[in-house]
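Here are my notes on the fold, for you to check against the model. Please keep the structure open while you read.

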Amino acid sequence: MSPPVDFSFIVSCYNLENYIQACLDSLTGQNYPESAFEIIVIDDGSTDHSLEVIQRLAHGRTNVRFLTTENSGLEKTCNRGIKLARNDLV
């Protein structure tokens, strides 16, 4: 199991192809070492190219994880992300 991080960003994504890159660029551009935080992106069954954008942006980053699920809504998606978080405070 990976060591805990100081904080976790959980991003739920559904058909955000035009916005997800700006969101992830903002999060990965934080002035903290990659080991201090993680970004968990959950693609909630997008039907556009959101997943391809997420995969491209996550490639080579040790603190970005993503998964794809069937569309289940924001609440279930966020709860799934909380369960995956490595932050001790969750």
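1. S12 is in contact (heavy atoms within 4.5 Å) with I42, L74, T77 and C78, leaving aside its neighbours within four places in sequence. This is a predicted model: local features need pLDDT of at least 70, side-chain atom pairs count only at pLDDT 80 or more, and totals for chains, interfaces and linings use all residues. Residues are numbered from 1 along each chain as its sequence is written, and side-chain values use heavy atoms, with hydrogens and water left out.

2. S12 sits in strand β1, residues 7–13. Helices (H or I, at least four residues) and strands (E, at least two) are DSSP runs, numbered from the N terminus. Is S12 buried, partly exposed or exposed? S12 counts as partly exposed because its relative accessibility is 22%. Buried means under 20% relative accessible area, exposed over 50%, partly exposed in between (1.4 Å probe, protein chains only).

3. I42, one of the S12 contacts, has L67 in β3 as its bridge partner. Strands β2 (37–43) and β3 (64–68) pair in the parallel sense over 5 bridges. Pairing requires at least two DSSP bridges between two strands.

4. From β2 the chain crosses through helix α2 (50–58) to β3, a right-handed β-α-β crossover. Right-handed means that, with the strands pointing away from the viewer, the path from the first strand over the helix to the second runs clockwise.

5. In α2, the buried residues are S50, V53, I54, L57 and A58. They lie on the same side of α2, because they cover an arc of only 125° around the axis. The arc is taken from the directions from the helix axis to the C-beta atoms. These buried residues pack against β1, α1 (20–28), β2 and β3.
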